[in-house]
Amino acid sequence: MAEATTDGTRRVGLWGVVSIGIGGMVGGGIFAVLGLSVQIAGGGAPVAFLVAGLVALLTARSYALLSASFPSRGGTVTFVNRAFGPGLFAGGINVLLWLSYIVMLALYSQAFGSYAASFLPAEQHELGKHMFLTVAVVLIAVLNVAGASTVARAERYVVAVKLTILLLFVVVGMAGVSTSRLAPDQWSPPLSLVAGGMIVFLAYEGFELIANAAEDVVDPARTLKRAYYISVVFVIVLYVLVAVVAVGSVPVAQLVDARDYALAVAARPTLGQAGFALIGVAAMLSTASAINATLYGSARMTYTIAKARELPAQLERPIWNQPLEGLIITAAATLVLANVLNLQSISTMGSAGFLIIFAVVNIAEARTSKQRGSAPWISIVGAVACVGALAALLAKSSLGSAGVLVAMVGVSFGIEAVFRRMTGRGLRA
């Protein structure tokens, strides 16, 4: 997992980097968005997950090349700044990245609340969901303020537990799969299949966390590329199999009715009520760990963006040796989104936000490809795939969901424009 160097520091090897990528992707996303994908794609949900995974795989190539060329804990922020310069465009995209992480936190929080409330009587579910998600965000924020080193050390065990439970779900559940429920005549039309994949695209976005560890990787040019591909391909296979078992075991209408906790419902046919409880507990554990990791990382992202003078310097200032102002603002915004918006709006915002960011990262790789001698056309194909996927997602989204996304992009560039004017740097793109 890690190797010691002559100066006593620890360097991360291939499987350590792969675990970062898999842990980032198999967070709360699959537990939260499976039901939404089924709602849009019907029996073609496994195809939807495959389509989303292929878009992620194209983008993973750009991340692998950029990570090897510009190893930095800044990850995406560094890539965008190096390719486009420290102007309004780069600053707006980096602020959008921060806001997209807040949306991710809201998604994980809603998933935690929904699975926790699934153990309550039906009439108490909605109130219980909001109560549980609020307590989870506040408690995890407090742990981060206090310095949750124990939680951080436990993260690798949480990843192992949730992978074990998902693999158990797949292996045991395959026996109860009805192929008729997966037949092409049960699929939604092609546009809906793509949209069903894109609304769950944020279930794949965690592979970009590998970029933040690039400085600590052994032989980065070789290790990073292999780690990105191994982790993304593994998660594609896992997600497709989970979708196959879920759709093949339970009628689509039943999964849609319980879309907030569809994976737990899908475990009932083969594992009974014990399976429902097992998946429910795994989802709560997984989403809580995802909230912790994302809150920790996004709070430090505000530090990185502020260092690049794209957010106010107050967010760079540490309190008790931690960037707590960014953490508090992030946690507060998460609570507002999670308690005000529904799951579909949150998922649309998050997936669309990351599709925009990943399109920009693909273009960033193409713009800097001469430094590496890489083929820019592959990254351009990746950017076009992200844009096409975004168009399919918006085409199948409600007017309200699309409006919220437009507002989020507008706020990102608005924050950056106002801050640049306040600091006298103008609006140079």
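Tutor: Start with one side chain. This is a predicted model. Tyr63 counts as buried because its relative accessibility is 0%, and the cut-off for buried is under 20%.

Student: How many aromatic pairs are there?

Tutor: Two rings pair if their centres lie within 6.5 Å. By that rule there are 16 aromatic pairs. One of them joins Tyr63 and Phe207, with 5.6 Å centre to centre and 85° between the planes. Planes over 60 degrees apart count as edge-to-face, so this pair is edge-to-face.

Student: Which parts of the chain does the pair of Tyr63 and Phe207 tie together?

Tutor: Tyr63 lies in helix α3 (residues 45-69), and Phe207 in the loop between α8 (190-198) and α9 (220-249). The pair therefore ties together parts that are 144 residues apart in sequence. Both Tyr63 and Phe207 are buried.

Student: How do I read the pair of Tyr63 and Tyr228?

Tutor: Look at distance and angle again. Tyr63 and Tyr228 are 6.3 Å apart, centre to centre, with 35° between the planes, and the pair is tilted. Tyr228 belongs to helix α9 and Tyr63 to helix α3, so this contact links parts 165 residues apart in sequence. Tyr228 is buried too, with a relative accessible area of 0%.

Student: Which residues form one aromatic cluster with Tyr63?

Tutor: The cluster holds Tyr63, Phe79, Tyr101, Phe201, Phe207, Tyr228, Phe354 and Phe358.

Student: Is Phe79 in α4 buried or exposed?

Tutor: Phe79 is buried. For a helix, count its covered residues. Helix α4 (residues 76-84) has 8 of its 9 residues buried, so by the under 20% cut-off it is mostly covered. Among the buried ones are Thr76, Val77, Asn81 and Phe84. Just after α4, Gly85 takes a positive phi of about 80°.

Student: What lies over the face of Phe276?

Tutor: Here a charged side chain meets a ring. Arg268 lies over the face of Phe276, at 4.1 Å from the ring centre.

Technical notes:
Residues numbered from 1 in each chain as written. Predicted model: local features only at pLDDT ≥ 70, side-chain atom pairs only at ≥ 80, totals over all residues. Heavy atoms only, no water. Phe/Tyr/Trp six-rings, centres within 6.5 Å; stacked < 30°, edge-to-face > 60°. Helix = DSSP H or I, 4+ residues; strand = E, 2+ residues; numbered from the N terminus. Buried < 20%, exposed > 50% of the residue type's maximum accessible area, 1.4 Å probe, protein only. Lys NZ or Arg CZ within 6 Å of the ring centre and 35° of its normal.
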